[in-house]
Amino acid sequence: MAEGGTGGNQPPREHPRNLQGLLQMAVTAGNAEPAPVEPMSDERRQWLQEAMVEAFRGQQDEIEQMKECLQMLEVETPGAECGESSEEARSDLRQREGALDCLAELCENLDNASDFCKLDGMRLLAHRYLEHEEAGLRWRAAHLVGTCAQNVPKVQEQALALGCMRKLLRLLDHDLSEAVRIKALFAVSCLVRAQEAGLLQFLRLDGFSVLMRAMQSSIQKLKVKSAFLLQSLLISHPEQKETLCSMGMVQQLVALARSEHSTFHEHVLGALCSLVTDFPQGVRECQEPELALEDLLKERCQLIKDQEEFQEELEFCETLLRLCFYNQSDENSMDR
């Protein structure tokens, strides 16, 4: 029997490398056209057995790779007092960076992310590498925390229990490395979205203030991602709108919208839209005369109305005008 399909015209099947691959193979097979039930041939039975063995072997190989990487990372960094030359130090740094890169790639697999924590990897990141003196190791550690925590509640819980949220917010707020701050924000996002305990820690540690300061930074990518996270949190947790208004978030967002125009403004105005939707207090604050928000929005509409790349921003401007200023009075209606 040809393994590739009817008549052997398809390329031969490759054995899946891990359990997720085996599951995908089963799903794909389940979507095929139903065929008459026939006894399984010896050849097909042998192929399935080999596929199972290969899948488990691949998973085991990846666990061994993680163990080797962690063993390398667990060794204390030798310092100059140990007679280490600058070349040896650079080599050691490259090896540690390579180990973290390898772990990040492996932990894209959810099973591996869970096994990484069982091997005490998250503890090593939290206690040593998130605060390492080398920026290249700090940002890789933050990236690995986020990679492991995405959509895996058990991993999120362990990271939170180890104090990762506090350390990541500190990196986001104060680190001198642009890459570290961006990766710290990524990890914070993975710990706080769809994770109630993460949100509570974020709030307790004044995370919204950290996010506000990140939006005011000079790093464009950090500004955009911070505004995007704020908008996402407002949509999923509208109960936080009152807290944000009390912090002056409306005024801060309007001030950011007044800065030199860029793609960042789409996310700023999107966050402002989310803040005022179904929230009268936010609407009232947007109507404060000293903000002159209505004039700003009208001017922005004129500026970008014929530029296709800014259509989402235009929609946010029009939504804000409708929510905050239309029907207030005839004088305040926007000229069409």
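Student: How many helices and how many strands does the secondary structure of the chain come to?

Tutor: The chain has 18 helices and zero strands. Helices (H or I, at least four residues) and strands (E, at least two) are DSSP runs, numbered from the N terminus. The model is predicted, so local features need pLDDT of at least 70 and side-chain atom pairs count only at pLDDT 80 or more, while totals for chains, interfaces and linings use all residues. Residues are numbered from 1 along each chain as its sequence is written, and side-chain values use heavy atoms, with hydrogens and water left out.

Student: Why is V268 called buried?

Tutor: Buried means under 20% relative accessible area, exposed over 50%, and partly exposed in between (1.4 Å probe, protein chains only). V268 has 1% relative accessibility, so V268 counts as buried. Of the 336 residues in the chain, 46% are buried.

Student: Where is V268, and which residues is V268 in contact with, leaving aside its neighbours within four places in sequence?

Tutor: V268 lies in helix α15, residues 264–276. With those neighbours set aside, V268 is in contact with A227, L253, L256 and A257. Contact means heavy atoms within 4.5 Å. L230 is 38 residues from V268 in sequence, and the two are 9.0 Å apart in space, C-alpha to C-alpha.

Student: What makes F202 and F208 an edge-to-face pair?

Tutor: A pair of aromatic rings is described by the distance of the centres and the angle of the planes. Rings of Phe, Tyr and Trp (its six-membered ring) pair if their centres lie within 6.5 Å; planes under 30 degrees apart count as stacked, over 60 as edge-to-face and the rest as tilted. The structure holds one aromatic pair. In that pair, F202 and F208 are 5.2 Å apart centre to centre, with 85° between the planes, and therefore count as edge-to-face. Both F202 and F208 are buried.

Student: How many disulfides does a search of the whole structure find?

Tutor: The search finds zero disulfides. C102 is in no disulfide, and the nearest cysteine sulfur, that of C69, is 3.8 Å away. A disulfide is a pair of cysteine sulfur atoms within 2.5 Å.

Student: Are C102 and C164 buried, exposed or partly exposed, and why?

Tutor: C102 has a relative accessible area of 22%, so C102 is partly exposed. C164 has a relative accessible area of 0%, so C164 is buried.
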